Amino acid sequence: MASLKGFAVIRVVTGLSGIAIPLILVRWMSVEEFAQYLIAVSAISIAGIVSGFGMDRVLYRFLPEAYLRNDAVFASKLIGIAFAPRLLLAPIVVLAILTALVPLQAQEAIWIPISLGCALAIVVGLSEVVGHAASSLMKFQLQAAIVLAGIVVRLAVLCSISLLVGVLKLVWVLLILVGVEFLQLIVVAFAVVMPVLRRMRIAEVNGDRASWPTWRSLGKMALSNYGSYILGLPWQGSMLRVIVGFHSGAAVIAAFGFLQTLADRLKQYLPMQILQTAVEPVMVRRFAEGESLTAIIGQLDLLRRVSAYPIIGLAVAFGIAGDPIISIVTGGKYTDAGLLAALILVGLAASTISSVLWISSSIAHEMPLLLRRFALISVFLFPIMWVAAKHAGGIGVALVAMLVSPALWCALRWSPSKATVGTWDWGKDLRVAVVAIALVVIGRILARDATVMASIAVACGAFLAYAAGVVLLRTLRREDLVVLKELLATSVLAKGA
């Protein structure tokens with residue numbers, strides 16, 4: 001229980017610290033180099049998904065059991081297999097993306113950033129594997145603390161350079177990132193994972209290794225996870241930034257990438273995201289014990305609304321005064337990105353629908369149906385998004401991306417699926433949307449000729465009015481929060497057991 005609380009605190013502090021990094025970069029890097037940085041980091045993120053082959057879920061599934069059985073041989077082989085594709089494939093993916101986006105005549109001029117991007121892809125990939133291994137070997141709190149320390153070091157170095165020199169260069173930023181990630185990889189590998197494997201070897205028991213699944217069956221399990229990751233790749237923030245990069249200039253890439261990066265970081269710390277690993281196993285157990293799937297999914301939808309409604313409130317504020325807020329945050333570099341920020345936030349709120357669908361489909365053993373429908377949605381919407389990116393830039397991408405989750409829900413709802421019943425209470429969401437749109441219209445009228453601070457004050461007032469509207473419309477009641485609290489208490493007790 002105490003370790004889970006400590007882990008939650010570290011995750012929150014890590015999220016807040018991580019948000020500070022793009023805020024520093026956007027103010028102290030030139031628009032062109034910040035756009036190049038965003039594309040490089042996005043390419044590395046895509047490379048991590050493509051080269052991961054779904055092995056993260058295999059590690060989380062079998063390393064804890066190997067730890068309990070003191071089978072260091074199996075654990076070491078599993079980690080080694082996860083290392084190999086990251087080492088070989090990740091730099092190739094990064095090189096392909098960056099050379100495709102950078103004009104041929106300019107590639108020689110930025111060969112150092114491209115080389116650093118390939119090196120960073122290897123280091124980040126290996127660091128992710130040892131991070132998964134550390135968490136699977138019951139050292140999740142220590143691993144999270146090391147990640148936080150790395151972010152703090154990176155933040156301190158970036159702040160020092162920006163204050164002393166007054167500017168941040170792309171090569172410096174990438175070098176700092178490579179160095180910090182490499183140190184983090186070394187510390188986690190040799191101070192966390194290796195000591196656990198060493199103790200497992202010392203206490204190794206001669207268990208029946210024949211009871212382990214075959215490597216072929218492990219490969220099938222990894223590839224099934226890999227398929228879901230690849231299907232979701234077109235709608236990842238990193239891929240959206242690369243698509244915008246194919247069709248837009250540096251200013252559009254920088255503005256869209258900055259806002260999308262903040263949204264991605266915010267998504268990681270939504271209640272829906274943070275609590276999934278604690279809530280999902282309890283839901284699976286309750287369904288196996290005979291509890292109604294509709295009742296279980298109703299509680300998941302409650303968690304979804306707790307996550308989505310504050311994001312919609314932020315979208316209201318940015319819809320009214322997004323331009324001055326972003327201008328202040330970025331030091332005046334981006335002055336007309338308020339609408340884009342509001343659309344990205346609405347898309348983030350909509351994505352909570354698909355988060356519930358993934359959990360409910362897993363509980364109801366309907367993942368194959370979900371994957372087939374998701375594939376159809378991606379095949380249909382991806383070309384539309386590509387055209388939208390070409391003609392409307394980041395706004396077009398944000399508009400199409402927010403349709404994915406509702407479209408997936410509709411596709412499942414019109415199929416023989418039990419997992420969609422109660423997953424989206426669209427009636428309550430519709431009432432919330434009407435209030436939000438009305439407040440944006442009224443707020444923009446009031447802030448039309450107002451000063452910057454007056455516009456921000458109107459936006460803050462609209463946010464408070466929105467919160468009051470959510471309460472008055474009873475879309476989120478006190479009884480709901482009591483139910484949510486009981487659910488989380490049950491989840492924590494189950495994890496502790």
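Ring pairs join F34, Y37 and F258 into a cluster, where rings of Phe, Tyr and Trp (its six-membered ring) pair if their centres lie within 6.5 Å, with planes under 30 degrees apart counted as stacked, over 60 as edge-to-face and the rest as tilted. This is a predicted model, in which local features need pLDDT of at least 70 and side-chain atom pairs count only at pLDDT 80 or more, whereas totals for chains, interfaces and linings use all residues. Residues are numbered from 1 along each chain as its sequence is written, and side-chain values use heavy atoms, with hydrogens and water left out.

The protein chain contains 20 helices and 0 strands, helices (H or I, at least four residues) and strands (E, at least two) being DSSP runs numbered from the N terminus. Of its 497 residues, 50% count as buried, a term that means under 20% relative accessible area, with exposed meaning over 50% and partly exposed in between (1.4 Å probe, protein chains only). Among contacts (heavy atoms within 4.5 Å) with a separation of 6 or more, 82% are accounted for by residues 24 or more positions apart. The accessible surface of the protein chain comes to about 22,900 Å², and 69% of this belongs to carbon and sulfur atoms; accessible areas come from the Shrake-Rupley method with a 1.4 Å probe, and for residues only the protein chains shown count as cover.

| Pair | Centre to centre | Angle between planes | Class |
|---|---|---|---|
| F246 and W386 | 5.6 Å | 45° | tilted |
| W358 and F374 | 5.6 Å | 85° | edge-to-face |

W358 belongs to helix α15 (residues 338–363) and F374 to helix α16, so their pair ties together parts that are 16 residues apart in sequence. W358 is partly exposed, with a relative accessible area of 23%, while F374 counts as buried at 6%.

How many of the 11 residues of α10 are buried? The number is 9, and α10 is therefore largely enclosed by the rest of the structure. The buried residues of α10 are G237, S238, M239, L240, R241, V242, I243, V244 and G245, and what covers them includes α2 (31–52), α4 (72–101), α11 (250–268) and α16.

F53 is placed in the loop between α2 and α3 (55–68) and counts as partly exposed at 29% relative accessibility. The C-alpha atoms of F53 and N225 are separated by 7.7 Å, although these residues are 172 residues apart along the chain. Leaving aside neighbours within four places in sequence, F53 is in contact with P85, L89, A222, L223 and Y226.

On the surface, F182, I186, F190 and M194 form a nonpolar patch with about 370 Å² of accessible area together. Patches are made of residues with over 30% relative accessible area and no salt bridge, like charges being joined within 9 Å and nonpolar side chains (Val, Leu, Ile, Met, Phe, Trp, Tyr) within 5 Å; a salt bridge is a side-chain nitrogen of Lys or Arg within 4 Å of a carboxyl oxygen of Asp or Glu. F182 lies in helix α8 (residues 170–202) and is partly exposed, with a relative accessible area of 42%.
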